[in-house]
Each structure stands twice: as structure tokens, then as C-alpha cells.
Amino acid sequence: MTKFIELCTNHLVLRDHVASDLPSHHKLFSDKNVMYYLPDIRTKTLLQSEENLQQCMDEIHNPHRQFYFLSIEEKATGNHVGEIGYTVEAQTPVGKRVGMGYFSHQAYWGKGYMTQAV
């Protein structure tokens, strides 16, 4: 079983998801502007967001975890900034090859949070 991930920077907390994330998770994933370049994962209903969030939480307990999707919060306020994560795409002789992505609520664009999260 894998452990709950929580990483801290000077201004951010990156952590695995919990059920109480649903309101902010839905607000982010259903935002047409934020998800403009990610239409395949954009949600349109609260139920779709809930299913997406549940998939993120199910991965936490997967002993062969391949998907690491983390919530980004402002450390000082606890406000949801956005999401960051990576997917293990292949095992290679020198380690895992992954694909990474991130996105945030528009209010946090241009503030350096994603650079810090990465």
C-alpha cells in the first residue's frame, strides 16, 4: 500500500486528494477557460467531477500506483490553487518515464505557483 503524499514548499502544499476537495475540484475541472487545452478531462457535471476525484483517491491505495494527481494549496490560506501530477508511462532500465501536467484556477495565473510546484 502506498502512503498519503504531502509535500511542502515555502508557499504551497501539494497533497493527495480527500473527499472534501470536491467543491474546489469541481470548480476547477469544470472551468472552460482553465480546461481549454484539456478538454478530454474537463468535467461538465458535479457527478463527473466526483467520479474524477474518486479515481484520484483510489490511486492512493494502489500498490502499483501509476497516477500521481495532487492538489495544490496555498500554505498560508489553505485555498485550492490547482492541480499537478504525473503518470508513469513506462519502466526503463534506468527508471520510470513519466508524463507531467499542471493547471490552476485563473486567480493564480502568473504568480509563480506552478513553477514552485514543479
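Reader: To begin, are arginine 15 and glutamate 73 buried or exposed?

Author: Arginine 15 and glutamate 73 are both buried. Buried means under 20% relative accessible area, exposed means over 50%, and partly exposed lies in between, using a 1.4 Å probe and protein chains only.

Reader: What kind of model is this, and how are residues numbered?

Author: This is a predicted model in which local features need pLDDT of at least 70 and side-chain atom pairs count only at pLDDT 80 or more, while totals for chains, interfaces and linings use all residues. Residues are numbered from 1 along each chain as its sequence is written, and side-chain values use heavy atoms, with hydrogens and water left out.

Reader: What is the average pLDDT of the chain?

Author: The protein chain averages 95 on this scale of the predictor's confidence in each residue, which runs from 0 to 100. At least 70 is reached by 98% of the residues.

Reader: How many salt bridges does the structure hold?

Author: There are four. The term requires a side-chain nitrogen of Lys or Arg within 4 Å of a carboxyl oxygen of Asp or Glu.

Reader: Which residue does arginine 15 pair with?

Author: Arginine 15 forms a salt bridge with glutamate 73, with the closest N and O atoms 2.6 Å apart. Arginine 15 is in strand β2 and glutamate 73 in strand β3 (residues 67–74), so the pair ties together parts that are 58 residues apart in sequence. Strands (E, at least two residues) and helices (H or I, at least four) are DSSP runs, numbered from the N terminus.

Reader: And what does aspartate 16 meet?

Author: Its side chain meets that of arginine 65 in a salt bridge (2.6 Å, N to O). Aspartate 16 sits in the loop between β2 and α1 (22–29) and arginine 65 in the loop between α2 (46–60) and β3, 49 residues apart. Aspartate 16 counts as buried at 0% relative accessibility, and arginine 65 counts as buried at 2%.

Reader: What about glutamate 89?

Author: Glutamate 89 forms a salt bridge with arginine 97, with the closest N and O atoms 3.8 Å apart. Glutamate 89 is partly exposed, at 49% relative accessible area, and arginine 97 is partly exposed at 47%.

Reader: New topic: where is methionine 100?

Author: Methionine 100 lies in strand β5 and is partly exposed, with a relative accessible area of 47%.
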